[in-house]
Amino acid sequence: MTAAARQEWIAAQLSDIVGNSGLVMASEGLGRYCRDWSGDIVGIPLLVVRPRGVEQVSRIVAFCAANELKLVPQGGHTGLVGGGTPTDRGDEIILSLELMNEIGALDEHNFSLEVQAGCILENVRAHVADRGFVFPLALGSQGSCQIGGAIATNAGGLNVLRYGMMRELVLGLEVVLPDGRIWNGLKALRKDNTGYDFKQVILGSEGTLGVVTAATLKLFPQPTQIETAFVSLHSLEAVIDLYGLARRRLSDLLSAFELLTQEGVEISGQANPLGEPAPIYVLIEVSASGPVDVRSLLESFLEESMGSGLIADAALATSTAQAASFWKIREEVIEAQLRRGRHLRTDVSMPISAIPAFIRIAGDVIGKISSDAIVLAYGHVGDGNLHFNVVPPAYLDEGAKVAFLHECEEAIFAVVDELDGSISAEHGIGRLKREAFLKRISPVHADLLQALRTAFDPAGTLSPGRMLKEMPR
């Protein structure tokens, strides 16, 4: 059978499951399924199949397993490590969950909501907000990313400090296993100590152990008060001291504590709320839904911090619009990098106390490689997660940029290793970080990962080459 004939046969079999409208094959329709958000990772799928329910997913997965066809689940194309993007070999079927976007009933007494995996995060957040609840996962890509992808990658975001990563926000899952069987674990229980917690095995598995088709999410009361401050500081050490004080003075009401540098504020193109430049800034958000005077609490904290010389200056938002303008700086740092073309995006973590040392050492290392590169450090101080990114010199051609950024990544990861950190805090491993990940784990760790993968998917047809090396055929 020729390659073209085989593709037609596969398409015919899948069309029997999802109908012609559930398949995408023509080159003009494949574009958005071929690339990630950055545009740096581009592949060619054999075809795209779009199921509308768990039974269709089950039949698709079973068909692919029986015929040893490579199948890659894909969410909202917002991943940054190539996990859901096809390779350039043209031999992978993309399983898009985008049509599975139904939002189920909200249980107001249990503070839970059942949704299909293809639901857009922003739509879920808006849906529960209308009922007085909040689903606290907050990402820059929330207008595009899907719940299933957020589960598969154990997404983090801006509110991890208070609410935790996706791992803490899921009560139950529905998963199609690599052989097509359906595991229904959609219970809305907070306490269930009956054997292995299967959902936690799936969370963060990046589509290598099963296809998430639905989830029961944990909700919280919607905050009725949200106060935001933009603060400047003289040193990185002051940031860590300020964070420690904030945890004590603002307690569990502290929902975000984001670090920015002067370089980040400049590249964002947004106005500095404080006027005068400073080396380091912090965005602080405090929120509550009960009878707590959050503004007075934050004002008192800022007065104490300024009086002791811990902070240089501070602006406390007086309106929702002004608070949004503070956060716009943080968002535009990401967009500004994208507009400059190919650049290095890292997603590292370390003990909070090691953040100043990391930024200094890594900055010096990149400066020695090139004094013309732009270094941007920003991220979530409260969970030790920094995005230490590098924009290459504009005069380099694309090939030189790739080599330069690879050298920078290796150097940054070496600093992470020295500080006993992680090369991936929230983005996952995917294909891009696989080699760096595998060379950093012990033989015991590698054996455990491979044993788990083999137990779930002995043929290795689901998300091959993601996280672990592709199994030989």
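Helices (H or I, at least four residues) and strands (E, at least two) are DSSP runs, numbered from the N terminus. With that noted, I looked up the totals: the chain has 16 helices and 18 strands.

**Ground rules.** I'm working with a predicted model, where local features need pLDDT of at least 70, side-chain atom pairs count only at pLDDT 80 or more, and totals for chains, interfaces and linings use all residues. Residues are numbered from 1 along each chain as its sequence is written, and side-chain values use heavy atoms, with hydrogens and water left out.

**Overall size.** I checked the C-alpha trace, and it spans about 75 × 55 × 45 Å along its principal axes.

**The five-strand sheet.** I traced an open sheet in the order S5-S6-S10-S8-S9, with antiparallel pairing; two strands pair if DSSP finds at least two bridges between them. S5 (103-107) and S9 (182-185) each have a single partner strand, so one side of each lacks a neighbour in the sheet. Next I looked at S6 (residues 112-116) and S10 (residues 211-218), which run antiparallel and are joined by five bridges. Serine 112 has lysine 218 in S10 as its bridge partner. Helix H3 (residues 54-66) packs on this sheet and touches S8 (170-176), S9 and S10, where contact means heavy atoms within 4.5 Å. The direction of H3 makes about 50 degrees with that of S8. (Axes are lines fitted to C-alpha atoms, for helices over the stretch in contact, and angles run from 0 to 180 degrees between N-to-C directions.) Helix H4 (residues 121-129) packs on the sheet too, touching S5, S6 and S10.

**H1 against H3.** How far apart are the axes of H1 and H3? I found 9 Å, with H1 (residues 3-18) packing on H3 at an angle of about 160 degrees. H1 and H3 are therefore roughly antiparallel (under 35 degrees counts as roughly parallel, over 145 as roughly antiparallel, 65 to 115 as roughly perpendicular and the rest as oblique). On the H1 side I noted residues including Trp9, Ile10 and Leu14, and these H1 residues belong to a contact with Gln56, Arg59, Ile60 and Phe63 in H3.

**The four-strand sheet.** I then found another open sheet, ordered S1-S2-S4-S3, with mixed pairing. Its edge strands are S1 (23-24) and S3 (70-74), each pairing on one side only. S3 pairs with S4 (residues 92-96) in the parallel sense over five bridges, and proline 73 has leucine 95 in S4 as its bridge partner. H1 turns up again here, packing on the sheet and touching S1, S2 (47-49) and S4.
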